[in-house]
Amino acid sequence: MTEWAEVAQTRQGLYRFFGEALLPPSKERLDLLEQAYPVLLERDLDRYAFSLEFRKFGKHLPVDTSATALEVEYVRLFASGMSKALSPPVESYYRVPGKGGGMAEFVADLQREYRSMGIISVGVGESPDHITTELEVMSFLCAAESRAWEEANDAQAFDLLAKQRNFLRRHLVVWIPLLRRRVGRASPVGFYATLVDAVHSMVVHDKDYVSSVLRGRESS
Amino acid sequence: MSVGIYVCADDPTIESGSVDAIRIESLCRHPDRLREHATGADRAVVVLHEASADKAAVQKVLRSIDIDPLGAQILEVPDDAGDVSRLIGGLAARAAAFLGSDPENAKPVFPRTMTRRALLRPPLPEYLAAPSVDPDVCEAANGCRACVDVCPQEAYRWQAGRIYYNKDICEPCGRCVTACPAGAITNPAVAPAMLEAQIHALVGDGSERANIRFVCSRRLLRTPVDGWYDVEVPCTGMVPGVWLVATLLLGAGGVAIVPCSESGCPLGLDNSARQALDFAYQALEEVDGGKNSTLDDVGIRVAGLKRRDLVDPFSTGQAAQIMLSLFETAEKETVLSHPGSNLGVVSIDPEACTLCTQCSQTCPTGALGHGYEGETVSLTFDPTLCVNCGQCLLVCPERDAGAIRLEARVDTVLLKSGRRPLYEGTVLRCERCGKPIAPLKMMDRIGDLLGEEFTGAMKHLTSRCVDCRGL
């Protein structure tokens, strides 16, 4: 596998990892995270600035509270319905003033954007603007990029990088900091605080990293 | 915070003196060896002796031992540097004062062009410390755009009361940090507390004379000069004159600015650095006629300048404290007009000013203020808060008529007198509820501009406030 393909695959794995971690916790899911964490770390993550926050989150694995306690925390933070959750993990909540009908329009626009990127259905059971969905979209794009590098199709790989950059700029990098602030106020320490910190660090870094790669290509 | 100090052992002439440092064989070529010697410290100073040492690789290893590389101090010493213990002590103090960074502060840097060869393997990014804007402190909503005005790369944009920062085009120089009147922009690698800690450590108790050079981070080779110690900044164009004065007041025997190259600053900020140095020297001359200070090719040297306890001297808004401290021993009150002054004095032309209060509403430091009392609206000015940012000039609708003037000036009489009235006039009040509507002069001016056909509308606008107009 070419090194560029490996980097893309690592990023794919990270987005998938974070997406899983932000789904409702269960013993099986937590075990999976515990197994995946060292595998990802071994992929030379210390090259990248976000590895500091990733390592901080890793200190919470294995989870030292019961899955039940974590479930309660998950519901409290993310899943008590839009009006009661302390930090709803959906983009439209943070981006649409006044909520209501505007949110539906926002989500419809997002679905159109997915289709324009060649993503027909987003099927993890959550809404198109749920954080796990958006992270899964990035995972999909990184996987496609990895395949393009493997096939020596540089043009397609850079095209996919441009799509990733645009998606990060327009969406994740805009609202994840707001989510992070809410989680930080509601639960300043612990599993979900460090997890959201790590996600925030990853998406901010990824936007800068992908932009730098594209800029380097544009000037060559 | 605990600081681990790691020195490459390959150059035996590098002496760390009494500093508790860990010497590591071939650290320059094998930075991964840091891992084996990690002490669990929160911060790090890494001393290398080869200019070709790979900073990106050092940063990677630091992350693997849970140290934020943006706060780590990496020192590259030239051959036969000798005793660098004082330099290391300064860097350790600076590292210890590092408060951490946010993900927004790390800017990955790749080679400028990605050749076909580079396409074969992803380069290891080096990370620079980029600034970030605190939206809770930023005064953009009131019209301030000081960062937009000073950025040499146009990385900032003001739109609809918000500042937008483009990290992609930013080449961190620090100008925005020192230019922001509100202190809303910070760069974690050059925080005020870090500079203060480093300079205190370098100057020590004053028993051995230490001179301080502010050096550009882009400078590739630094020729050591005996008795001069380097304090690195992203670009010397960010160094204001008051920092040089503060450094002398903290006990340094001299100050200098060393730009990145003799052929000129690539960001075009040479003039800023020269101006800062000249301002500091002119200020010293005002104290005692220049009897105890000299300016030569190396920098400014002083003798007999009394040390002062300054509070947070490298933070925003400390210029008044610093200049008053300097001039307290001057034989007479001081007036120093200089383009490099970090203090300003605002004056109003009562013929042209309409008391619209745009200037005071925009003033990001509160130096300009306004208030309503009875039938009067008054504009006031506190010179200790004015940082000469010029935002008041930009928003004044009558600036072409000379309604407001700003002079870059240190005036100790004014600084000691505190807030004073600049101009006052009559305020129109709502005939229904009594709330202030607008200054009379401003409404007269608007009426003049609109012309006679709007006389009726103006009468309505000047008799009722916006809440009562429809009633």
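## Ground rules

Buried means under 20% relative accessible area, exposed means over 50%, and partly exposed lies in between (1.4 Å probe, protein chains only). With that cut-off in hand, B:Ser463 counts as buried because its relative accessibility is 19%.

This is a predicted model, in which local features need pLDDT of at least 70 and side-chain atom pairs count only at pLDDT 80 or more, while totals for chains, interfaces and linings use all residues. Residues are numbered from 1 along each chain as its sequence is written, chains are lettered from A and ligands numbered from 1 in the order in which they are written, and side-chain values use heavy atoms, with hydrogens and water left out.

## Confidence and chain B overall

The model scores ipTM 0.91 and pTM 0.91.

Of the 471 residues in chain B, 52% are buried. The C-alpha atoms of chain B fill a box of roughly 85 × 60 × 40 Å along the principal axes. Take the contacts (heavy atoms within 4.5 Å) in chain B between residues at least 6 apart in sequence: 68% of them join residues at least 24 apart.

## A look at B:Ser463

Back to our opening residue: B:Ser463 sits in helix α14 (residues 455-463) of chain B. Its side chain reaches the backbone oxygen of B:His460 at 3.1 Å. Leaving aside residues up to four places away in sequence, B:Ser463 touches B:Arg429, B:Cys430, B:Glu431 and B:Ile437.

## Where the chains meet

At the interface, 31 residues of chain B are in contact with 34 residues of chain A. The buried area between the two chains (accessible area lost on being put together, 1.4 Å probe, summed over both) is about 2,700 Å², with carbon and sulfur atoms giving 53%.

Five salt bridges are counted between chain B and chain A, each being a side-chain nitrogen of Lys or Arg within 4 Å of a carboxyl oxygen of Asp or Glu. A:Lys59 pairs in this way with B:Asp66, the closest N and O atoms being 3.1 Å apart. On the side of chain B that touches chain A, the elements giving two or more residues are α2 (55-64) and β5 (106-109) of chain B.

A:Arg215 and B:Asp168 also meet in a salt bridge, at 3.6 Å from N to O. This pair crosses from helix α9 (residues 191-218) of chain A to the loop between β9 (162-165) and α5 (175-179) of chain B. A:Arg215 is partly exposed, with a relative accessible area of 29%, whereas B:Asp168 counts as buried at 11% relative accessibility.

## Salt bridges within chain A

Over all chains, the structure holds 29 salt bridges. One of them joins A:Glu136 to A:Arg16, with the closest N and O atoms 2.8 Å apart. The two partners lie 120 residues apart, A:Glu136 in helix α7 (residues 131-150) and A:Arg16 in helix α1 (residues 3-21) of chain A. A:Glu136 is partly exposed at 24% relative accessibility, and A:Arg16 is partly exposed at 41%.

A:Arg112 and A:Asp109 form another salt bridge, with 2.2 Å between the closest N and O atoms. They are three residues apart in helix α6 (residues 101-116) of chain A, so about one helical turn separates them. Finally, A:Arg11, A:Glu145 and A:Asp206 are linked in a network of salt bridges.

Methods: Helix = DSSP H or I, 4+ residues; strand = E, 2+ residues; numbered from the N terminus. Polar contact = N/O pair within 3.5 Å; in protein donor to acceptor, adjacent residues only side chain to side chain.
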